[in-house]
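Subject: Structure for you to look at

Hello,

Here is the structure I promised. Please open it and keep it in view while you read my notes below.

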Amino acid sequence: MRCFYYPVQAFVPGESLELSAELKRHILTVLRLKDGQPIVLFDGCGQVANCRLGGDGVAAVEQVYQAPTPRCELTLIQGLPKGEKLELILQKGTELGVNRFILVPMERSVGSLKEGRQDKKIQRWEKIIQEAARQCRQFYLPTLDVCSYDDALRRADADLRLLLWEDSSAPLDQVISKASPRSAAVIVGPEGGISEAEGAQAVRSGYSSVSMGPRILRTETAGLAMISVLQYIFGDMALGH
């Protein structure tokens, strides 16, 4: 069944939902779905509704259920990279199960948020997250924050806090061997990497700096690789359906 994001306070069995003009156009014109076909709607907070299309794009709610909560809530603190790299990170990070993205301008950031364009960019990034969540059925829609590095360190109050830093020599298995976290936060620098001052500040804030082996990973690769590892060890990647 096709799946669509539909923010609503609550799905009610037997209720008929009026879909937005944009969603109607996508369902009826782009996908050419017909009356009577089943679809899935989700509200972004774990609530899911099995529905059936009615006339003029109305969706009749047949069954409602709550998706399981994440086994380990994952936060990715990403040093702001260039636009196309960030879009890849948001899309693939959502597919891999990131629950919260925090974007931060850092000392060596190449990308920037120009004054007057930030709202438009954030709207685009949120659309990318929504579309990725729809396609991969990530029923808990990831949140997106843009803030300073100081604020990011304060906001990400996770059980396990990792700083991916090329200057670190600590193997990952030593850092996480005793961990059993319900939440994890990962800091990834921009294209130019994390400065010594930023690394030291993160360590003072409770982050463990770790090495990801002998290879230097790009900013758009490092965070996704770590999220995959954490999902396999602490999350739902090894569970199956």
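Which elements do the buried residues of α6 pack against? They pack against α4 (149-155), β9 (160-164) and β10 (183-188). Bear in mind that this is a predicted model.

Now look at α6 itself. This helix covers residues 196-204, and its buried residues are E198, G199 and A202. Seen down the axis of α6, they fall within an arc of 100°, so they line one face of the helix. Turn to the other side of α6: E196 and R204 are exposed there. After the helix comes G206, and its phi is positive, near 100°.

Next, the aromatic rings. A search of the whole structure finds 3 aromatic pairs. Two of the pairs are described here.

One is Y5 with F42. The pair is tilted, with 5.5 Å centre to centre and 45° between the planes. Y5 sits in strand β1 (residues 2-5) and F42 in strand β3 (residues 38-42), so the pair ties together parts that are 37 residues apart in sequence. Y5 is partly exposed, at 23% relative accessibility. F42 is buried, with a relative accessible area of 0%.

F42 also pairs with F139. This pair is tilted too: 5.5 Å centre to centre, 55° between the planes. F139 lies in the loop between α3 (118-136) and β8 (143-146), while F42 is in β3, so this pair ties together parts that are 97 residues apart in sequence. F139 is buried, as is F42.

Put together, Y5, F42 and F139 form one aromatic cluster.

Best wishes

Technical notes: Residues are numbered from 1 along each chain as its sequence is written. This is a predicted model: local features need pLDDT of at least 70, side-chain atom pairs count only at pLDDT 80 or more; totals for chains, interfaces and linings use all residues. Side-chain values use heavy atoms; hydrogens and water are left out. Buried means under 20% relative accessible area, exposed over 50%, partly exposed in between (1.4 Å probe, protein chains only). Helices (H or I, at least four residues) and strands (E, at least two) are DSSP runs, numbered from the N terminus. The arc is that of the directions from the helix axis to the C-beta atoms. Contact means heavy atoms within 4.5 Å. Rings of Phe, Tyr and Trp (its six-membered ring) pair if their centres lie within 6.5 Å; planes under 30 degrees apart count as stacked, over 60 as edge-to-face and the rest as tilted.
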